[in-house]
Amino acid sequence: MLLLVKRHKTTYFVEASQHDTVQKLKARISHILNKEKEPKELRLFFRPPKQTGLTPLEDAAVLEQVGVVDYDTLFLVYWINDGADGKWETVDVPPFEPLHDDMDATAAGGVDKGKAAA
């Protein structure tokens, strides 16, 4: 299955199996990040269908058992090591913004539906 893993303004497309553990998925993501972060420094969150909050995924959980299916979106955060203390980042994914403003059909060279010949 294909999963979308989002962090800030970046989306990673990651292949996984329903039978993979979250730990295995984190190892795959670590590899994509060129080992910039180790799997233990990564945390994944999932928004189950019909729920508004995010659920942290435990390393031992199997993707199928927690309800992750093909084309689901997961959210990635890093462990921030501030000297002796450390903490997890907060999930920060800005809302989608289209590349272009909506243009009416005539400005784009199309036919205005209200003025189309019958």
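Select Glu 89, in the segment that follows strand E6 (85–88). Strands (E, at least two residues) and helices (H or I, at least four) are DSSP runs numbered from the N terminus. The model is predicted, so local features need pLDDT of at least 70 and side-chain atom pairs count only at pLDDT 80 or more, while totals for chains, interfaces and linings use all residues. Residues are numbered from 1 along each chain as its sequence is written, and side-chain values use heavy atoms, with hydrogens and water left out.

**Glu 89 and Arg 7**

Glu 89 has a relative accessible area of 17% and is therefore buried; buried means under 20%, exposed over 50%, and partly exposed in between, with a 1.4 Å probe and protein chains only. Show the side chains of Glu 89 and Arg 7: they make a polar contact at 2.6 Å. A polar contact is a pair of N or O atoms within 3.5 Å; within protein, one must be able to donate a hydrogen and the other to accept it, and residues adjacent in sequence count only if both atoms are side-chain atoms. A polar atom of the Glu 89 side chain also lies 2.9 Å from the backbone nitrogen of Tyr 78.

Move to Arg 7, which sits in strand E1 (residues 2–7). Arg 7 is at 16% relative accessibility and so counts as buried. Beyond four places in sequence, Arg 7 is in contact with Leu 76, Tyr 78 and Glu 89. Its side chain also makes a polar contact with the side chain of His 8, at 3.5 Å. Next, pick the C-alpha atoms of Arg 7 and Pro 94: the two residues are 87 apart along the chain, and these atoms are separated by 9.3 Å.

**The largest pocket**

Pro 94 and His 8 both belong to the lining of the largest pocket, with Lys 6, Lys 9, Thr 11, Val 93, Pro 95, Phe 96, Glu 97, Pro 98 and Leu 99. On a 1 Å grid over the protein atoms alone, a pocket is an open set of points where a 1.4 Å probe fits, with protein on both sides within 12 Å along at least five of seven lines; lining residues have an atom within 4 Å of a point. The pocket has a volume of about 300 Å³, the space filled by probe spheres set on the points, which are joined across faces, edges and corners.

**Asp 59**

Select Asp 59, in the loop between strand E4 (55–56) and strand E5 (73–82). Asp 59 is partly exposed, at 32% relative accessibility. Its side chain makes a polar contact with that of Lys 26, at 2.6 Å. Not counting residues up to four places away in sequence, Asp 59 touches Thr 21, Val 22, Gln 23 and Lys 26.

**Two positive phi values**

Which loop holds Asn 34? Asn 34 is in the loop between helix H1 (22–32) and strand E3 (42–46). Its phi is near 55°, a positive value in a residue other than glycine, and Asn 34 is exposed at 67% relative accessible area. Lys 50, in the loop between E3 and E4, has phi near 65°, also positive, and is exposed at 88% relative accessibility.

**Whole chain**

Zoom out: the protein chain has one helix and six strands, in the order β-β-α-β-β-β-β from the N terminus. Of its 118 residues, 27% are buried.

Definitions and conventions:
Contact = heavy atoms within 4.5 Å.
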